[in-house]
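These are my notebook entries on one model.

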Amino acid sequence: MTGGAGYIGSHVVRLLLDRGDEVVVVDRLSTGRRERIDGATLLETDLASPTAEDEIHEIVREHGLTGVLHFAALKSAPESVQEPERYYRQNLDSLANLLAGIRDSDVQAFVFSSSAAVYGEVSDEPVGEDAPLAPINPYGQTKLAGEWLVRAATAVAGIPSVSLRYFNVGGAGWPDLGDEQVGNLFSITIERVLRGEPPIIYGDDYATRDGTGVRDYVHVLDVAEAHLAALGALRGGLQHDVYNIGTGTGASVREVIDAVAAASGRLLHPVVSERRPGDPASVVADVSRASRELAWRSRYSLSEMVESAWNARAGAARSGAGERIRPEAEQS
Ligand SMILES: NC(=O)c1ccc[n+]([C@@H]2O[C@H](COP(=O)([O-])OP(=O)(O)OC[C@H]3O[C@@H](n4cnc5c(N)ncnc54)[C@H](O)[C@@H]3O)[C@@H](O)[C@H]2O)c1
């Protein structure tokens, strides 16, 4: 697995270790941390470097690896607009080196972390996998080009592969595996609340149920479980090679802020600001393909997502892994 020491990858590492798999992580520990992957073997290297292909070839052979999950990437859309060359180099050179490194190997399954950013500007309808692909920033472009490269390279190598297009990932499956980067509405709102600042709503006059923008937030543990489902499904042969990973419902900015208020036990008074240019009213995934063909669907609610993100950020159980959270529906 690449990027296994990061936010999403470390959740998948823990699920795989829990079920008894051997896990090898390739990570340069730029945003990832070694402490997140206790129990896995770590090869600390930069996948974008010219030596990476040979290193991958060697480690795959040495450990007899049969499945590869590729999480490693730079992931900030605004940063990618400022530094397109770095994003293309890091995200696509890394992927090309990895695919070349596993070409002649026993690998039988390849899973690529793609993103809803491949769709670009969408209409207000649920977004299906066949929606137009028109990414509006270099980050999204590297994900779309990445899907093409995965398709071409795994076809010629004879490796079954799939790209999972995650929507907005949030929450923490264990208190020590929270998202440490401040980039989405969850983390931005939580940081502001911790600093005693009011949350900001960019536009409250959209044609949505409460006037604020609606996005599809999916719990990181649901996303992690989608990878196990995809690995299993690849063995049986899949009808498609791209799948949306979201909840299919969506939450508004105001609903997220209300959930942060509930999790933090604080009264919040959001400030309403101008709409941001290019922000659509609503972006929600159509997840019917994943539910049909991967036998996967999300199980965690918005409040579980926000509460787990808050607890992870507020430092609950910082000293250890703590309990894995369970969906409310499964608790007695
Ligand atoms: N978090 C989200 O909401 C989201 C949404 C859609 C897609 N994704 C994609 O999911 C993947 C994982 O995202 P995340 O949120 O866990 O990010 P993250 O930054 O927490 O994890 C990325 C990991 O990759 C490692 N890494 C980065 N570049 C590397 C390189 N060149 N060589 C070796 N290791 C490298 C980092 O050290 C880190 O451990 C990324 O590909 C991202 O684009 C994330």
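**Entry 1: salt bridges**

I looked up Arg33 and found that it forms a salt bridge with Glu180, the closest N and O atoms being 2.5 Å apart. I note that Arg33 lies in the loop between β1 and β2 and Glu180 in the loop between β6 (168-170) and α6 (185-194), so this pair ties together parts 147 residues apart in sequence. The model is predicted: local features need pLDDT of at least 70 and side-chain atom pairs count only at pLDDT 80 or more, while totals for chains, interfaces and linings use all residues. Residues are numbered from 1 along each chain as its sequence is written, and side-chain values use heavy atoms, with hydrogens and water left out.

I applied this rule: a salt bridge is a side-chain nitrogen of Lys or Arg within 4 Å of a carboxyl oxygen of Asp or Glu. The count by this rule is 22 salt bridges. Helices (H or I, at least four residues) and strands (E, at least two) are DSSP runs, numbered from the N terminus.

Arg33 is partly exposed at 28%, and Glu180 is partly exposed at 43%. I also recorded a network of salt bridges that links Arg33, Glu35, Arg36 and Glu180.

I then took up Arg313, which forms a salt bridge with Glu191 at 2.4 Å between the closest N and O atoms. Arg313 is in helix α10 and Glu191 in helix α6, 122 residues apart. Arg313 is partly exposed at 38% relative accessibility, whereas Glu191 is buried at 14%.

A further salt bridge joins the side chains of Glu197 and Arg192 (3.4 Å, N to O). Here Glu197 is partly exposed at 29% and Arg192 is buried at 18%.

Glu304 lies in helix α10 (residues 302-313). Its side chain reaches the backbone nitrogen of Ser301 at 2.7 Å. Beyond four places in sequence, Glu304 touches His219, Arg299, Arg326, Pro327 and Glu328, where contact means heavy atoms within 4.5 Å.

**Entry 2: the sheet**

I traced an open sheet of four strands in the order β3-β4-β5-β10, with parallel pairing. Its edge strands are β3 (67-70) and β10 (242-245), each pairing on one side only. Two strands pair if DSSP finds at least two bridges between them; four bridges join β3 to β4 (residues 109-115). Gly67 stands opposite Ala109 in β4.

I looked up Val111 in strand β4 and found it buried at 1% relative accessibility. Its contacts beyond four places in sequence include Val68, Leu69, Val162, Leu164 and Leu234.

**Entry 3: positive phi**

Most residues other than glycine have a negative phi. I recorded a positive phi of about 55 degrees for Leu29, found in the loop between β1 (24-26) and β2 (41-43). Ala295 also has a positive phi of about 55 degrees; Ala295 lies in the loop between α9 (288-293) and α10. Ala295 is exposed at 69%.

Key
A polar contact is a pair of N or O atoms within 3.5 Å; within protein, one must be able to donate a hydrogen and the other to accept it, and residues adjacent in sequence count only if both atoms are side-chain atoms. Buried means under 20% relative accessible area, exposed over 50%, partly exposed in between (1.4 Å probe, protein chains only).
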